[in-house]
2 protein chains.
Amino acid sequence: MAAIQRKIIPVILSGGTGTRLWPLSRARRPKQMLELTGDETMLKATAMRVADPRMYAAPLVVAGTAQAEAIEAELGEAIGALILEPAPRNTAPAIALAALAADRGDVLLVLPSDHWIRDVAGFQAAVAKGRPFAEDGWIVTFGMKPDRAETGYGYIERGEALADGVYAGVRFVEKPDAAAAERYVAGRRHDWNGGIFLLKAGVLLDALAAHAPDMFEAAGAAMRGQRRERRRVHPDGAAFRASPAQSIDYAVMEKAERIAVVPASLGWSDVGSWAALYDAAEKDEAGNAAGGDMLAIDSAGCLIRSEGPLVAAIGVEDLVIVATADAVLVVPRGDSQRVKEAVEALKAQGRDALL
Amino acid sequence: MAAIQRKIIPVILSGGTGTRLWPLSRARRPKQMLELTGDETMLKATAMRVADPRMYAAPLVVAGTAQAEAIEAELGEAIGALILEPAPRNTAPAIALAALAADRGDVLLVLPSDHWIRDVAGFQAAVAKGRPFAEDGWIVTFGMKPDRAETGYGYIERGEALADGVYAGVRFVEKPDAAAAERYVAGRRHDWNGGIFLLKAGVLLDALAAHAPDMFEAAGAAMRGQRRERRRVHPDGAAFRASPAQSIDYAVMEKAERIAVVPASLGWSDVGSWAALYDAAEKDEAGNAAGGDMLAIDSAGCLIRSEGPLVAAIGVEDLVIVATADAVLVVPRGDSQRVKEAVEALKAQGRDALL
């Protein structure tokens with residue numbers, strides 16, 4: 001059969017509201033709206049990665065209502081539909097809405113909007129490799145080769161080879177302890193779960209119906225009650241709020257059969273901390289990663305960014321220094337996840353303008 | 001004789017334009033205009049130290065023309081006269097102008113406006129102790145007891161006792177090398193020269209005539225050509241510019257005879273660096289000295305000040321972090337004098353708005 005292949009429909013998840021990159025990321029400007037790894041926002045970079053019209057249809061973007069205008073300003077005419085979650089319910093219900101907006105036979109490429117991929121050609125090759133399996137009803141995941149025993153990520157264990165560079169997925173493990181993470185990296189049978197999935201809409205919906213029937217019902221009712229406003233899709237709020245809040249890993253991946261893994265070394269990062277951004281960033285000779293108005297004198301190994309005041313760092317090492325017009329963070333690079341302690345303290349003080 | 005003693009005339013020197021406390025101190029807002037050690041500016045604190053009308057007349061303030069309005073706004077009616085230097089010529093010509101504005105028999109108390117004194121009662125006691133010697137024609141200096149081998153200060157060597165707690169001054173040494181400073185502190189015959197002097201106007205003028213005749217002539221001509229504008233005194237510019245620029249230490253103290261030293265432990269600091277301000281400041285239990293909108297989490301030994309953005313410091317030690325609306329400085333406390341490298345770099349880049 002030489003039927004013309006249908007285009008893959010990208011599903012871009014833009015619902016995140018992380019605080020791990022405070023003070024740059026804020027409630028009103030989440031991580032995907034920041035120009036963290038280049039000259040465009042991570043959302044835009046995600047959309048550009050799937051912009052080839054020979055391979056991809058216009059993306060379905062799923063986001064919170066508060067982000068609608070910012071996303072349209074950023075992506076404009078490139079958006080196929082903008083599905084606005086009436087309330088945050090984690091990734092599984094968000095993907096369910098997109099699957100319901102597509103045809104059952106469409107192949108969806110689910111993409112977090114706030115991850116970074118250095119090797120875009122490798123990414124396209126991995127998608128092409130996984131595609132026949134997705135067409136055949138597999139849930140295709142992409143295994144990012146781990147370069148350290150990271151405990152903040154999920155891992156996928158590879159089983160038997162299904163084809164050249166494609167394996168059966170045996171098990172998902174969310175955020176292992178340090179000892180397990182060490183074993184995984186040493187054993188070379190585990191990859192990081194980058195949260196990118198390729199699968200048919202119908203396969204996802206069937207898996208939800210089987211493993212998360214309440215969610216399947218809620219998402220279905222929400223989309224049946226949808227209101228459209230040009231490219232914006234407003235699912236019914238009451239129906240959607242009835243859905244349990246679950247990640248796609250928990251709701252589907254850990255329970256589904258016919259999981260395939262395409263291992264890929266894409267220079268992937270979830271940019272989930274200032275340290276992760278430092279790792280992904282270009283550095284100068286002294287190992288400083290810089291952005292904005294800054295002056296590093298005899299300093300090394302620092303991440304220095306400013307969106308406001310000039311930052312002058314003199315004689316310091318391995319610090320994260322991030323400045324905006326209203327807040328400045330200084331923390332050792334190795335402790336950069338502790339930024340959440342500052343965010344919590346500001347929350348406790350009711351300083352919402354800074355959050 | 002029970003003649004009524006004339007009041008001491010304070011001479012407050014406010015001509016400094018240091019950059020050592022950048023980014024707080026700026027060309028337009030020198031150190032004495034900052035609220036560094038309390039709720040008032042250092043200039044105001046200096047004036048308040050000599051505000052007792054039973055002992056002191058209204059002060060003569062000597063400053064650059066650019067500072068006139070700021071000084072009047074700060075000190076208001078408390079100013080006796082505001083002598084505006086047509087150009088900066090260091091401390092000796094500035095003090096000469098004040099001496100010429102007084103009567104030869106007046107006792108002047110010369111005070112830098114940007115130094116900090118913790119023990120104000122001790123300061124008054126030291127002035128009272130030195131006063132009879134000043135009345136008798138001595139140049140009275142105040143020796144600050146050194147608590148470290150500081151190479152950034154001048155030292156005075158004490159000689160024979162002239163009275164209880166008053167000594168002959170043998171020698172001035174400006175900024176010794178480290179070995180000499182160590183010897184001075186160990187030998188206990190040297191004190192820091194705090195730049196505070198008590199002396200008759202006529203004694204100063206005679207010393208200038210003897211040791212710095214060009215300066216004496218220039219200052220005299222400048223005051224003869226003065227223009228008055230309410231409490232402002234404008235010495236003649238062309239005449240004053242003809243004066244050599246010299247410090248009072250170099251022009252007079254190192255050459256004069258009849259120098260007396262009143263040793264005093266006043267908790268004195270010239271606040272000449274962020275480290276010096278840290279030493280002088282109140283600290284919390286973790287040894288952090290803080291000012292403005294800041295949040296210190298698990299941090300110790302830091303000086304953290306903000307006049308603008310919130311500063312969040314997490315897990316850092318012994319850092320100076322200073323933020324204003326347009327600039328942020330991060331430097332180890334022990335290297336805080338290196339701020340001048342940032343200032344020089346900004347000068348080289350022509351970024352005058354930040355200086």
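Reply: One term first: two strands count as paired if DSSP finds at least two bridges between them. Keep in mind, too, that this is a predicted model.

With that in hand, look at where the chains join. Strand β19 of chain A and strand β17 of chain B, residues 310–314, pair in the parallel sense, and four bridges link them. That clears the cut-off of at least two bridges, so the two strands count as a pair across the chains.

Now step back to the whole contact area. On the chain A side there are 29 residues in contact with chain B, and 29 residues of chain B meet them. Several elements of chain A each supply at least two residues to this side: the strands β15 (294–297), β17 (310–314), β18 (319–323) and β19 (327–332), along with the helix α11 (339–348). The largest share comes from β19(A), with six residues. So what kinds of residues make up the side of chain A that touches chain B? They divide into 23 nonpolar, two polar and four charged.

That's the meeting place; now for the backbone spots you asked about. In chain A, a cis peptide bond joins A:Trp22 and A:Pro23, with omega about 10 degrees. You'll find A:Pro23 in the loop between β1 (9–14) and α1 (42–49) of chain A. Chain B has a cis peptide bond of its own, joining B:Trp22 and B:Pro23, and omega there is about 10 degrees. Its B:Pro23 sits in the loop between β1 (9–14) and α1 (42–49) of chain B.

A:Arg188 is not a glycine, yet its phi is positive, about 60 degrees. This residue lies in the loop between α5 (178–187) and β9 (190–200) of chain A. Is A:Arg188 buried or exposed? It has 10 other C-beta atoms within 10 Å, so A:Arg188 is exposed; the cut-off for that label is 12 or fewer.

Over in chain B, B:Asn90 is also a residue other than glycine with a positive phi, near 70 degrees. Look for B:Asn90 in the loop between β3 (81–85) and α3 (91–101) of chain B. B:Asn90 counts as partly exposed because it has 19 C-beta neighbours inside 10 Å, and a residue is called buried if there are 20 or more.

Technical notes:
Residues are numbered from 1 along each chain as its sequence is written. Chains are lettered from A and ligands numbered from 1 in the order in which they are written. This is a predicted model: local features need pLDDT of at least 70, side-chain atom pairs count only at pLDDT 80 or more; totals for chains, interfaces and linings use all residues. Two residues are in contact if their C-beta atoms, placed from the backbone, lie within 7 Å. Ala, Val, Leu, Ile, Met, Phe, Trp, Tyr, Cys and Pro count as nonpolar, Asp, Glu, Lys and Arg as charged, and the others, Gly among them, as polar.
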